[in-house]
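Here is a short report on one protein model. Keep the sequence and the 3D view open while reading.

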Amino acid sequence: MNTSPLRLGVLGSGKGSNFQAIASAIAEKRLHAEVRLVMSDLPDAGILDKARALGLPVAVLPQSKFRTKLEPEIESLAARMLEEADVELVVLAGYMRMIKAPLLDRFPNRIVNIHPSLLPAFPGLEAWRQACEAGVSEAGCTVHWVDSGMDSGEILAQARVPVLAGDTPASLHARIQVAEHALYPETLAGLASVLRP
Ligand code: GRF
């Protein structure tokens, strides 16, 4: 491949299994990209340990007084750090806050997210629990562009998984996560080829 790797900045609040899947895809040359920065809003998020173990640069954002968004100053700082790391595409991987103007304006149409449902069904928190409670026979995950709404941006790709008799929210989430770990790197590889023709 002649083009330079797509420069990613990853944001996460959780254990970082999607980040790990992306890093593995890069290492195995299924995704022509490099992770320039891994950032978290939570200092003890597992995603940071996974990034450190791979020797990647990490950043922790100052504590926010909100639960579902960041103060504009903190989000501006996040945007600045991503810019300084020369990030081209911001990858949300289990990042648990809404994205607001400071990041949306600095990375217009350059922020992607993975959500554990077949959007537009079940946006918001614990989508796998919502799916269980609704009694649907099929669930899945969606990679989408991020806009100012809640899991409402343009859909890039989806993967489906069955909901089985006896599923609990936890067992369904585990099955969805297996699908996520294949879908996210694949979709990013497709984006890399579009953004770097
Ligand atoms: C995933 O299920 C993702 O869809 C959702 O948050 C979870 C993050 O898991 N947005 P992990 O931190 O990547 O393991």
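Strands β4 and β5 run parallel and are joined by 3 bridges. In this predicted model, local features need pLDDT of at least 70 and side-chain atom pairs count only at pLDDT 80 or more, while totals for chains, interfaces and linings use all residues. Residues are numbered from 1 along each chain as its sequence is written, and side-chain values use heavy atoms, with hydrogens and water left out. Strands (E, at least two residues) and helices (H or I, at least four) are DSSP runs, numbered from the N terminus. Two strands pair if DSSP finds at least two bridges between them.

L92 stands opposite N113 in β5. On the other pairing, β1 and β4 are parallel over 4 bridges. There, V10 stands opposite V91 in β4. Which way do the side chains of β4 point? L89 and V91 point one way, V90 and L92 the other way, and all are buried. Buried means under 20% relative accessible area, exposed over 50%, and partly exposed in between (1.4 Å probe, protein chains only).

## The whole sheet

The sheet is open and has 7 strands, in the order β3-β2-β1-β4-β5-β6-β7, with mixed pairing. β3 (58-60) and β7 (155-162) stand at the edges with a single partner strand each, so one side of each has no neighbour in the sheet. Neighbouring strands are turned by 20 degrees against each other on average, direction ignored. Strands of a sheet pair through backbone hydrogen bonds, either parallel or antiparallel.

## Helices across the strands

Helix α3 (residues 72-84) lies across β1 (6-11), β2 (33-40), β3 and β4 (89-92). It runs at about 155 degrees to β2. Helix α6 (residues 169-195) lies across β1, β4, β5 (111-115), β6 and β7, at about 155 degrees to β7. Axes are lines fitted to C-alpha atoms, for helices over the stretch in contact; angles run from 0 to 180 degrees between N-to-C directions. Contact means heavy atoms within 4.5 Å.

Helix α5 (residues 127-134) has A127, W128 and A131 buried. These three cover an arc of only 105 degrees around the axis, which puts them on the same side of α5. The arc is taken from the directions from the helix axis to the C-beta atoms. What covers the buried residues of α5 includes β5, β6 and α6. G135 follows α5 and has a positive phi, near 75 degrees.

## Around the ligand

Which residues surround the ligand? They are G14, K15, G16, S17, N18, G94, I114, H115, P116, H173, Q177 and E180. A residue counts as near if one of its heavy atoms lies within 4 Å.

For S17, a polar side-chain atom lies 2.5 Å from one. For Q177, an N or O atom of the side chain is 3.1 Å from one. For K15, the corresponding distance is 3.2 Å. A polar contact is a pair of N or O atoms within 3.5 Å; within protein, one must be able to donate a hydrogen and the other to accept it, and residues adjacent in sequence count only if both atoms are side-chain atoms.

H144 lies in strand β6. It is buried, with a relative accessible area of 2%. Beyond its neighbours within four places in sequence, its contacts include I111, N113, H115, L119, D151 and I155.

L164 lies in the loop between β7 and α6. At 44% relative accessibility, L164 is partly exposed. Its C-alpha atom is separated by 36 Å from that of V194, 30 residues apart along the chain.

## Backbone exceptions

Most residues other than glycine have a negative phi, and most peptide bonds are trans. K29 is not a glycine, yet has a positive phi of about 60 degrees. K29 sits in the loop between α1 (17-27) and β2. It is exposed, at 73% relative accessibility.

E126, also not a glycine, has a positive phi of about 45 degrees. E126 lies in the loop between β5 and α5 and is partly exposed, at 37%. The loop between β5 and α5 is also the place of P120. A cis peptide bond joins L119 and P120, with omega about 10 degrees.
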